[in-house]
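Work through the exercises below with the sequence and the model in view. Each task is followed by a solution in steps.

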Amino acid sequence: MALIAPALYDRLVALRRELHRYPELSRQESRTAAVISRFLHDLGIHHRTNIAGHGVVADIPGGSGVPCVVLRADMDALPIQEETGLEFASVHGDVMHACGHDGHTTMLLGAAALLSQENDLPAPVRLIFQPAEEQGTGAIAMIKEGVLAGAGLIFGGHLDRHYRPGTIVVSEGPVNASSDNFAIEIIGQGAHGARPHESIDAVVVGSLMIMALQTIVSREVDPARPSVVSVGQFHAGTAPNVIAGQAKLEGTVRAQDPAVRRQLLNSVRRIAESIAQLHGAKIHVLVTEGTPPLVNDAVMAVLARSAAIETVGETNVLPLKTANMGAEDFSYYLEKIPGAYVRFGSQVPGREGYPAHSSKFDFDEEALAVGAAYYRALARIAGRQLRQHLASS
């Protein structure tokens, strides 16, 4: 699939492998930012560095007086010891690009190279290289720094091992779930293990809570609306012959519908408080709200689909197969301006079973060319729409 010149493709592959070899955690992406800045400098593209930490923002001129089209990539890695066996595997112990952000950054730099050769862009194009996506805080920080000033539309995408290389997945509606965490502290009464009648057993109370929390999704939520309540931690007890007087549960709540999200969080509180009261225990419930659901507007999805069809052909533009309950802080941008988020097929034969955030995660590098070409097409199509809207208003 000759979507970009072979020389540029080879350059992108080398760049991706350099980024993969030297991954950096959220809020530590200084070397990554320097690589991005050097690439943009060589293209002669004006850009700013050290935005919201190590973020980089580049601006490519286009139609005068037209709001800009924003394209965004994330750049941080994860605290994982790599086990891919790749010749360009991470040299940093316990740090790895296990979610494809090295690919996302490289795609957008490829788009920068393509767009820098355009002489008649219908609208200005802004490239956002965002830090700290894995912490769910990078987008908020970038927005506070004003990266959406003068912006009309925003687009992004993510590599996806569930789809073959050369495909782009575009869907309207929910694409990613919200991500909220909860912590429930249980205060009971400790006692000797031989005299349970003298206790308020925090382990029993916590166990009942865990079982009851699992019924929220199965019995309170419409099965057609994907959602998750999972308890990931349960801490209690100090010795085998001591009944625990205190315990702590921690878990996560995911939903693709804002109303369901609120329902789930309210149900967690209600169930925890009811079970504690039933057994005479006291509790403290702390809910930490994270990223909202990522939902593609129908009109923006049509626009993204048009760019995808122009890039890979209609037969290679696919709908989202199943609900994705992972979170993505791109959703914060969509709360501010319209846009859409797609997925790039990147399945590697023999590695289909290694998901994102796995120590053996990898992706087919053909996706680099697909992403770069898609963003170029999208910048032109979205720019024309913004120009037409401006002319008719």
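## Exercise 1: Residues with positive phi

Solution. The model used here is a predicted one. His-357 sits in the loop between S16 and helix H10 (366-392). Its phi is positive, at about 75°, although His-357 is not a glycine. Most residues other than glycine have a negative phi.

Solution. Asp-94 belongs to the loop between S3 and H3. Its phi is near 65°, again a positive value in a residue other than glycine. With a relative accessible area of 48%, Asp-94 is partly exposed.

## Exercise 2: The sheet of eight strands

Task: Give the strand order of the eight-stranded sheet, and find which strands stand at its edges.

Solution. Step one is the order: S1-S2-S4-S3-S5-S16-S6-S15, in an open sheet with mixed pairing. Step two is the edges. Strand S1 (46-51) and strand S15 (317-318) each have a single partner strand, so one side of each is left without a neighbour in the sheet.

Task: Follow S2 and its two pairings, with S1 and with S4.

Solution. Strands pair through backbone hydrogen bonds, either parallel or antiparallel. S1 and S2 pair in the antiparallel sense over four bridges. His-46 has Asp-59 of S2 as its bridge partner. The two strands form a hairpin with three residues between them, and Ala-52 in the turn has a positive phi of about 50°.

Strand S2 (residues 55-60) also pairs with strand S4 (residues 125-130), in the antiparallel sense and over five bridges. Val-57 is bridged to Ile-128 in S4, and Ala-58 to Leu-127 in S4. Five of the six residues of S2 are buried, so S2 is largely enclosed by the rest of the structure.

## Exercise 3: Helix H3

Task: Describe the length and burial of H3.

Solution. H3 has 15 residues. From its first C-alpha to its last it reaches 21 Å, close to the 21 Å expected at 1.5 Å a residue. Of its 15 residues, 15 are buried, so H3 is largely enclosed by the rest of the structure.

Task: What does helix H3 pack against?

Solution. Two packed helices are described by the angle between their axes and the distance between the axes. Helix H1 (residues 6-21) packs with helix H3 (residues 101-115) at an angle of about 145°, and their axes are 9 Å apart. The crossing of H1 past H3 is right-handed. Among the residues in contact are Leu-8, Leu-12 and Leu-15 of H1, and Leu-109, Ala-113 and Leu-114 of H3. Sorted by class, the contact of H1 with H3 has seven nonpolar, five polar and two charged residues.

## Exercise 4: The sheet of four strands

Task: Give the order of the four-stranded sheet, then find the helix that packs on it.

Solution. This open sheet runs S10-S12-S8-S13, with antiparallel pairing. Strand S10 (227-236) and S13 stand at the edges; each has a single partner strand, so one side of each is left without a neighbour in the sheet. On average, neighbouring strands are turned by 15° against each other, direction ignored.

Inside the order, strand S8 (residues 180-187) and strand S12 (residues 246-255) pair in the antiparallel sense over eight bridges. One of these joins Ala-183 to Glu-250 in S12. Helix H5 (residues 202-213) packs on the sheet and touches S8, S10, S12 and S13; its direction makes about 170° with that of S10.

Task: Characterise the packing of H5 with H7.

Solution. Their axes come within 10 Å and cross at roughly 145°, in a right-handed crossing. Residues including Val-205 and Leu-208 in H5 meet residues including Ile-275 and Ala-276 in H7. The contact divides into 10 nonpolar, one polar and no charged residues.

## Exercise 5: Ala-281

Task: Is Ala-281 buried or exposed?

Solution. Buried means under 20% relative accessible area. Ala-281 is at 12% relative accessibility, so it counts as buried. Ala-281 lies in the loop between helix H7 (258-279) and strand S13 (282-288). Leaving aside neighbours within four places in sequence, its contacts include Ile-186, Ile-200 and Val-205.

How values were computed: Residues are numbered from 1 along each chain as its sequence is written. This is a predicted model: local features need pLDDT of at least 70, side-chain atom pairs count only at pLDDT 80 or more; totals for chains, interfaces and linings use all residues. Side-chain values use heavy atoms; hydrogens and water are left out. Axes are lines fitted to C-alpha atoms, for helices over the stretch in contact, and angles run from 0 to 180 degrees between N-to-C directions. A crossing is left-handed if the near helix is turned anticlockwise from the far one by less than a right angle, and right-handed if clockwise. Contact means heavy atoms within 4.5 Å. Ala, Val, Leu, Ile, Met, Phe, Trp, Tyr, Cys and Pro count as nonpolar, Asp, Glu, Lys and Arg as charged, and the others, Gly among them, as polar. Two strands pair if DSSP finds at least two bridges between them. Buried means under 20% relative accessible area, exposed over 50%, partly exposed in between (1.4 Å probe, protein chains only). The expected span of a helix is 1.5 Å times one less than its number of residues.
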